[in-house]
Amino acid sequence: MEKGIIIAGSGGQGILLLGRLIAYTSMLEGRNVTWFPSYGAEMRGGTANCTVLISDEVIGSPVVQNPDILIVFNCLSLERFLPRLKREGTVFYDSSLVTPEKCGRPGMLDGCLHSVAVEASAEAARLGSIRFANMVMFGAFLRVTGLSGLSVSEEALRAILPDRHHDLIPGNLRAIERGYGQG
Amino acid sequence: MPGQLLMKGNEVMAEAAVRAGCRFYSGYPITPQNEIPEYLSWRLPEVGGVFIQAESELAAINMVYGASAAGVRAMTSSSSPGISLKQEGISFLAGAELPAVVANVQRGGPGLGNISGSQQDYFQSTKGGGHGDYRLLAYAPFNHQELWDLTMTAFDKADEYRNPVMILTDGVLGQMMEPFVPTEYVPPGLPPKDWVLDGCRGRPPRVIKTLYLGEGELERQNLKLQKKYQRMKEAEVLYETYMVDDADLVIVAFGIAARVSLSAVRLLRRRGRRAGLFRPVTLFPFPEREIGDLAEAGRRFLVVELNLGQMVEDVLLAVNGASEVRLYGRCGGSMMTPEEVVDAAERMESLDTRRRVRVSLK
């Protein structure tokens with residue numbers, strides 16, 4: 001088993017954190033993982049993306065040309081990375097922000113065998129903060145891919161988030177469960 | 001695996017340095033290595049160490065010279081253009097026989113180049129780098145476990161040989177995260193440093209210098225250094241092989257290019273090609289004897305590196321005409337895919353050039 005995942009959106013949407021959460025939970029499930037960010041002149045509001053590789057074998061290059069899974073949070077990222085998705089791949093998109101119509105390209109997902117619309121930002125807003133959108137998406141991702149169980153999420157969040165943000169863990173877990181229900 | 005951590009490669013090196021007893025770091029910011037100084041800026045004060053963001057690379061490396069002369073385990077890091085700026089100081093460290101650890105998280109060059117991962121500083125790391133006839137012990141880790149282990153080893157070897165040690169890595173390994181086990185640091189039991197400048201009350205003064213003006217003095221110093229490099233060649237060569245026993249074709253690659261090549265070897269094996277991987281872990285000393293033996297036994301070589309032909313020269317010297325050597329390189333911060341390496345290997349298979357030494361680009 002080897003799955004290449006590209007996660008993309010705008011700086012500040014929690015793209016890199018979502019990637020780390022996917023990598024960390026898979027590590028807890030006993031798999032080999034790599035996480036590789038876009039880096040350099042990154043800023044809030046600019047583009048952000050990262051690549052996660054999950055494998056039962058030792059991982060070679062952490063760079064993925066054609067991902068099995070694409071998770072996007074804005075139109076720019078969908079347009080940029082969709083052509084690179086494997087034919088049988090799955091695209092998850094935050095349908096509060098990204099739909100073919102909203103992107104001005106109504107037929108763009110027609111050739112896509114597996115696409116999953118997740119109302120991530122809207123659901124996050126209902127939970128009290130749009131900043132939970134990445135966690136809602138993570139819940140949906142878990143439900144659809146089955147790559148790791150819901151149960152390891154809390155342990156992963158504890159390890160990834162700095163101590164000063166641990167008060168946000170219950171809210172994050174609620175968002176993950178809500179997303180799991182949507183998936 | 002229990003006890004695994006998931007950290008960026010840069011942070012792995014920084015924490016490993018602290019565990020190995022590094023108590024002085026000085027550096028100047030540059031992408032893609034900034035997580036090293038960022039991490040050490042809060043971590044070193046926790047253990048009573050000193051972190052200094054210097055006003056320049058020159059200042060940083062010379063502060064390392066001072067800390068090392070005072071007997072402290074000292075480190076600096078940078079990325080390619082910054083490492084070029086530090087070469088004068090590295091030459092002085094080598095000349096003064098001062099231990100230090102220097103990490104180069106390589107990016108594309110020449111000049112400012114770009115911020116992507118690269119392996120274009122192989123020559124600089126293995127053939128001296130600065131002026132004068134000196135060598136660094138150079139390690140090329142290829143995963144986070146090795147970043148951890150070899151950073152610790154680097155401090156021990158720097159003290160053992162009283163010589164600067166280079167950790168040659170790149171932007172991809174530095175920026176990526178993967179699990180590793182933070183094994184405990186075990187001190188190797190080195191003799192006390194009887195050469196440090198710690199105040200000479202009650203003992204004769206000591207001198208640490210690189211200037212030798214007396215008749216034949218500098219030549220004697222150079223010959224002494226050469227003996228040290230010779231000892232490294234005899235005792236410090238590290239390498240790893242993967243499926244070379246029955247291989248016709250051996251890919252030689254280090255660092256991140258070795259990871260891509262490992263994937264390529266698996267793909268080649270699935271296609272029934274007898275391919276293997278030879279991975280130098282030390283770049284100086286280079287595993288020349290081992291590669292020479294493989295050449296004598298009839299293996300052909302494809303060198304894969306993120307430059308347009310640097311390590312390939314050491315492979316050619318090691319092979320010494322006994323077999324065929326080719327190069328597949330990508331440059332300027334671009335990364336090869338395993339499929340491209342497979343293509344390069346298969347192009348080589350289709351050529352009837354056995355027993356002829358040839359180097360070609362792509």
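This is a predicted model: local features need pLDDT of at least 70, side-chain atom pairs count only at pLDDT 80 or more; totals for chains, interfaces and linings use all residues.
What covers the buried residues of H4(A)?

Residues are numbered from 1 along each chain as its sequence is written, with chains lettered from A and ligands numbered from 1 in the order in which they are written.

**Select chain A.** Its secondary structure comes to 6 helices and 6 strands; helices (H or I, at least four residues) and strands (E, at least two) are DSSP runs, numbered from the N terminus. Along the sequence the pattern is β-α-β-β-β-α-β-β-α-α-α-α. The C-alpha atoms of chain A fill a box of roughly 45 × 40 × 35 Å along the principal axes. For 183 residues, a compact globule would have a radius of gyration near 16 Å, and the 15 Å of chain A agrees with that. The radius is taken over C-alpha atoms, and the globule rule is 2.2 Å times the number of residues to the power 0.38. Of the 183 residues of chain A, 47% count as buried. A residue is buried if 20 or more other C-beta atoms lie within 10 Å of its own, exposed if 12 or fewer, and partly exposed in between, with C-beta atoms placed from the backbone.

**Select residues 133–145 of chain A.** This is helix H4, whose 13 residues should span 18 Å at 1.5 Å a residue; its end C-alpha atoms are 18 Å apart, which agrees. The expected span is 1.5 Å times one less than the number of residues. In H4(A), 10 of the 13 residues are buried, among them A:Met135, A:Phe138 and A:Phe141. Their cover includes helix H1 (15–28), strand E4 (69–72), strand E5 (90–94), strand E6 (114–118), helix H3 (120–126) and helix H6 (169–182) of chain A. Contact here means C-beta atoms, placed from the backbone, within 7 Å. After the helix comes A:Gly146, with a positive phi near 65°.

**Show both chains.** The contact takes 15 residues from chain A and 18 residues from chain B. On the chain B side, helix H8 (171–175), strand E8 (177–180) and helix H10 (255–270) each supply at least two residues. H10(B) gives the largest share, 4 residues.

**Select the 5-strand sheet of chain B.** This open sheet has the order E9-E11-E10-E13-E14, with mixed pairing. Two strands pair if DSSP finds at least two bridges between them. Strand E9 (239–242) and strand E14 (325–329) of chain B are the edges, each pairing on one side only. Within the sheet, E10 (residues 249–252) and E11 (residues 275–280) of chain B run parallel, joined by 4 bridges. To find one bridge, pick B:Val250 and its partner B:Gly276 in E11(B).

**Move to the 7-strand sheet of chain B.** The order of this open sheet is E3-E2-E4-E5-E7-E6-E12, again with mixed pairing. Strand E3 (50–53) and strand E12 (282–284) of chain B are its edge strands. Parallel strands E4 (residues 74–78) and E5 (residues 100–106) of chain B share 4 bridges, and B:Ser78 stands opposite B:Asn104 in E5(B).

Conventions. Two residues are in contact if their C-beta atoms, placed from the backbone, lie within 7 Å.
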